[in-house]
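I set aside this page for what I looked up in one structure, entry by entry. I wanted the overall picture written down before the details of single residues.

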Amino acid sequence: MPRLLANDVTGTDLRPIQSVDELDPLDIIGKRTTPGAFMANLYSTFGKPRWYLEETSLASSGTIPDTITVRDYLTMIGNIARYGPDPGYFIDYALSGIPLYFGALDMGMRYAPNLRAALDLLVKYADSRPGYHSHRILEGDGLTTLELVPMTNLGAGRSIILEMPLLVHHVLAVHCAGEPVPDAVVELRHGPPRYEKRLRSALGCELRFNARRDAITFPTSLCRRPSVAYDPDLWRAALLRCHEESENRKGPEGLSRIRAIVVKMMAENGSPPCLREVADRLGLSGRTLIRRLKAEGQTFQALTDDLLREKCILMLADPNLTIARISEELGYSDASGFHRSFRRWFNSTPDEYRRKLRSAA
């Protein structure tokens, strides 16, 4: 049986799939927002029909601003599914490579060392983009599955909202492999839409409707194969930016703010900053910074250790980086210092840890 990889779930308490569609969207989504540019473009493409904004907060104005609520986004997608002349519009967008996530996350997924690294990045950072479904990875029997778990009632647009990311992930797999991926399997809990034939043609792999989950499955060997599109510089830049964006979303105060500053300075300098440098960036004295960290149950050394450890794990997953290069990227002046830190973090050597990562694959 496939096993759920605990470290691939981002901490959300996942509800049983059978019950999430009964949830009230207002209970889960609240006032969360998402960019409105794409929906505004579709609005114009369809000729700005009245039905497009029906039952949204934008109906009276007849315009779509740069930022919209997720509630309005889901309603508009539902309106397209019910009234639109082309509810399968998203197929052409996905096949043309238009990004679904944008920014650092999209860049990281496109230029990851392999498909599994791209999916891991998705699981770690995409659940708040914009947050109406969660992601989890299951692995076993030579297969790797990315499952979408709806966190609210997706309404009339359910089919589009779930088919679109699964098609995008299949396109990503083709991008990484540099060739068609017919061995993938897409599962959807709903029945066939009216554009079923078109969707099957776009996927070029097995497509199952009325399934027990919403998911896409790949051979694990494909997920571990080096990506033909891998760019180490863009990959590492995307990792740091994703982490920084995640920290900034947690709020401007307290430990998350301090962590965000340290991550930013690590990206700028290539090595961890000292306490005085961080304090200066925050406009604090060194003693005040120490007191604030203590109030959060943290020390500056432990904080930088955590960030270095996270960065180290991600870099070890890159087969093209030598241990010496990783040591240098982390800011160590000599290999012995890096090995001492690594032993303290993981109770093993870097080579031993990398072998464990490979054997786990």
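**Entry 1, the whole protein.** I note at the start that this is a predicted model. I looked up the secondary structure, which comes to 18 helices and eight strands. Of the 361 residues, 52% count as buried. Turning to contacts with a separation of 6 or more, I found that 66% of them are accounted for by residues 24 or more positions apart.

I then looked at helix α13, residues 275–282, and helix α14, residues 286–295, whose axes are 9 Å apart and which pack at an angle of about 95 degrees. Because angles of 65 to 115 degrees count as roughly perpendicular, α13 is roughly perpendicular to α14. On the α13 side I listed Leu-275, Arg-276, Val-278, Ala-279 and Leu-282 as making the contact, and on the α14 side Gly-286, Leu-289 and Ile-290. Sorted by class, this contact of α13 with α14 has six nonpolar residues, one polar and one charged.

I looked for disulfides, taking sulfur atoms within 2.5 Å as the cut-off, and the count came to zero. I also checked the accessibility of two cysteines: Cys-242 has a relative accessible area of 2% and is therefore buried, and Cys-312, at 0%, counts as buried too.

I located Thr-145 in strand β5, which covers residues 143–150. With a relative accessibility of 5%, Thr-145 counts as buried, the cut-off being under 20%. Leaving out residues up to four places away in sequence, I found that Thr-145 touches Arg-136, Ile-137 and Leu-138, and also Arg-213, Ala-215, Ile-216 and Thr-217. With Thr-217 there is also a polar contact of 2.7 Å, joining the side chains of the two threonines.

Is Ser-57 buried or exposed? I found a relative accessible area of 56% for Ser-57, so this serine is exposed, the cut-off being over 50%. Its place is in the loop between α3 (37–45) and β3 (67–69). I looked up how Ser-57 lies relative to Ile-68, and the two are eleven residues apart in sequence and, C-alpha to C-alpha, 9.3 Å apart in space. The side chain of Ser-57 is joined to that of Asp-72 by a polar contact of 2.4 Å.

Notes: Residues numbered from 1 in each chain as written. Predicted model: local features only at pLDDT ≥ 70, side-chain atom pairs only at ≥ 80, totals over all residues. Heavy atoms only, no water. Axes fitted to C-alpha atoms, helices over the stretch in contact; angles between N-to-C directions. Helix = DSSP H or I, 4+ residues; strand = E, 2+ residues; numbered from the N terminus. Parallel < 35°, antiparallel > 145°, perpendicular 65-115°, else oblique. Contact = heavy atoms within 4.5 Å. Nonpolar A, V, L, I, M, F, W, Y, C, P; charged D, E, K, R; others polar. Buried < 20%, exposed > 50% of the residue type's maximum accessible area, 1.4 Å probe, protein only. Polar contact = N/O pair within 3.5 Å; in protein donor to acceptor, adjacent residues only side chain to side chain.
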